Amino acid sequence: MLNLKKTAVAVLAFGSSAVFAGTMGPVCAPGNVTVPCEATAWDFGVQALYLQPVYDADLAYVADYTTSTGVRTYSDLDPKWGWGFKLEGSYHFSTGNDFDLNWYHYSKKNNQAFAFNTAPGADLTDVAFRFKPQWDAVNFEFGQHVDFGEFKNIRFHGGAQYARIKSSSVYTARSRVTGLVLPGADSQTITYNGFGPRMGADMSYDLGNGFAVYGNAATTILVGTSKFAASSSLVGGSVDLHDVAYASGSRTAIVPELEAKLGATYTYAMASGDLTLDAAYMWLNYFNAQHGVVVSSIGESDFAMNGVFAGLKWVGNVA
């Protein structure tokens, strides 16, 4: 009998500990993943962009030279900040689906000037460099809005992009003593035109009272034509560009592109729709999208942009 009581006590103790062990810690339930109710709407938006282009690798420097003290100096290509715009229109339908068409445009003239000595003891040379980067991108996207709980939502999208990147420059180096224009690639135009698939995700977190913060990311793979045309002035019967006065080239290039945005929105609900104020910082990079003449040889560079933008979007419901 004593052994039976000991066995019963041991079983109860073990069962009790198992019950407590099974109830330790909070039990979390996953949030619901839903799509919006079926609705039809149009939206139109316009944004002002304030961006700075960035070049790297072989096209990152305007010129290199030796100063009067014998020090090798490189003058970097320094594109200025400039204004652009984005125009957007979308059609919303079904349960969170949309077709979106948007166009980015940027163009900015730049002027750089500097003076140097071509060698120790040589006469001073004045250099004027005029440069104009241009960027256009047209995106066509099919999107699906998904809600992850009450505050988080993501718009997944896929589609296509057409991009055109153009860089035109005029380089003039003139001797202060002789007045002669020195030989070199006096003018050059570099152009890339490409088309390819695009996909990404627009992630948002609602803060309440119409405010939200977001982070967007997208990638594109473009295939197209990268080409350049450069001319050089004749001085004393000798020119740069491998001793020719004109050089050009064209090739088929596959160019990956990455972009990201971090920003915030405020949405004001109206009787006929919603008005959204959007402000953010953006980054984008086209890999090896530019190639052209660099001091008698062929070089290449990424084309990147970064900067801020702000704008308005109106979404009108269709009855």
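**Buried salt bridges, nonpolar cores and model confidence**

A salt bridge joins Arg198 to Glu141, with the closest N and O atoms 3.0 Å apart. Because Arg198 belongs to strand S10 and Glu141 to strand S8, this pair ties together parts that are 57 residues apart in sequence. Neither position is open to solvent in the predicted model: Arg198 is buried, its relative accessible area being 6%, and Glu141 counts as buried at 4% relative accessibility. Glu141 also forms a salt bridge with Arg155, where the closest N and O atoms are 3.2 Å apart. Here the link runs between distant parts of the chain, from Glu141 in strand S8 to Arg155 in strand S9, 14 residues apart. Arg155 has a relative accessibility of 14%; since buried means under 20% relative accessible area, Arg155 falls in the buried class as well.

Through shared partners, salt bridges join Asp98, Glu141, Arg155, Arg198, Asp202 and Glu259 into one network. The count of salt bridges in the structure comes to nine. In general, side chains of opposite charge can pair when their charged atoms come close.

The protein chain comprises two helices and 14 strands. Of its 319 residues, 38% count as buried. Among contacts with a separation of 6 or more, 70% are between residues 24 or more positions apart. The accessible surface of the chain is about 17300 Å², and carbon and sulfur atoms account for 64% of that area.

The largest nonpolar core has 30 residues, of which Leu51, Trp135, Tyr286, Phe303 and Met305 touch the most other members. Two or more residues of this core come from each of strands S2 (41-55), S6 (97-107), S8 (124-148), S9 (152-175), S11 (211-232), S12 (246-270), S13 (273-294) and S14 (297-317). The surroundings of Trp135 illustrate the arrangement. Beyond its neighbours within four places in sequence, Trp135 is in contact with Leu51, Tyr104, His105, Tyr106, Arg164, Ile165, Leu284, Tyr286, Phe303 and Met305.

Aromatic rings form 16 pairs in the structure. Ring pairs connect Trp42, Tyr91, Phe93, Phe99, Phe140 and Phe142 into a cluster.

Ser94, in the loop between strand S5 (82-93) and S6, has a positive phi near 55°. At 29% relative accessibility, Ser94 counts as partly exposed. Asn209 is placed in the loop between strand S10 (185-208) and S11, and its phi is also positive, near 60°. With a relative accessibility of 76%, Asn209 counts as exposed. Asn209 and Thr267 are separated by 58 residues in sequence, while their C-alpha atoms are 8.5 Å apart in space.

The average pLDDT is 83, and 77% of the residues score at least 70. Over residues 4-22 the pLDDT stays under 50, and for this stretch the model has zero contacts beyond four places in sequence. Residues 235-243 also have a pLDDT below 50, but this stretch makes 25 contacts in the model beyond near neighbours in sequence. Where pLDDT is low, the predicted coordinates should not be read in detail.

Note on methods
Residues are numbered from 1 along each chain as its sequence is written. This is a predicted model: local features need pLDDT of at least 70, side-chain atom pairs count only at pLDDT 80 or more; totals for chains, interfaces and linings use all residues. Side-chain values use heavy atoms; hydrogens and water are left out. A nonpolar core is a set of buried Ala, Val, Leu, Ile, Met, Phe, Trp, Tyr and Cys residues joined through side-chain atoms within 4.5 Å. Buried means under 20% relative accessible area, exposed over 50%, partly exposed in between (1.4 Å probe, protein chains only). Helices (H or I, at least four residues) and strands (E, at least two) are DSSP runs, numbered from the N terminus. Contact means heavy atoms within 4.5 Å. Accessible areas come from the Shrake-Rupley method with a 1.4 Å probe; for residues, only the protein chains shown count as cover. pLDDT is the predictor's confidence in each residue, from 0 to 100. Rings of Phe, Tyr and Trp (its six-membered ring) pair if their centres lie within 6.5 Å; planes under 30 degrees apart count as stacked, over 60 as edge-to-face and the rest as tilted. A salt bridge is a side-chain nitrogen of Lys or Arg within 4 Å of a carboxyl oxygen of Asp or Glu.
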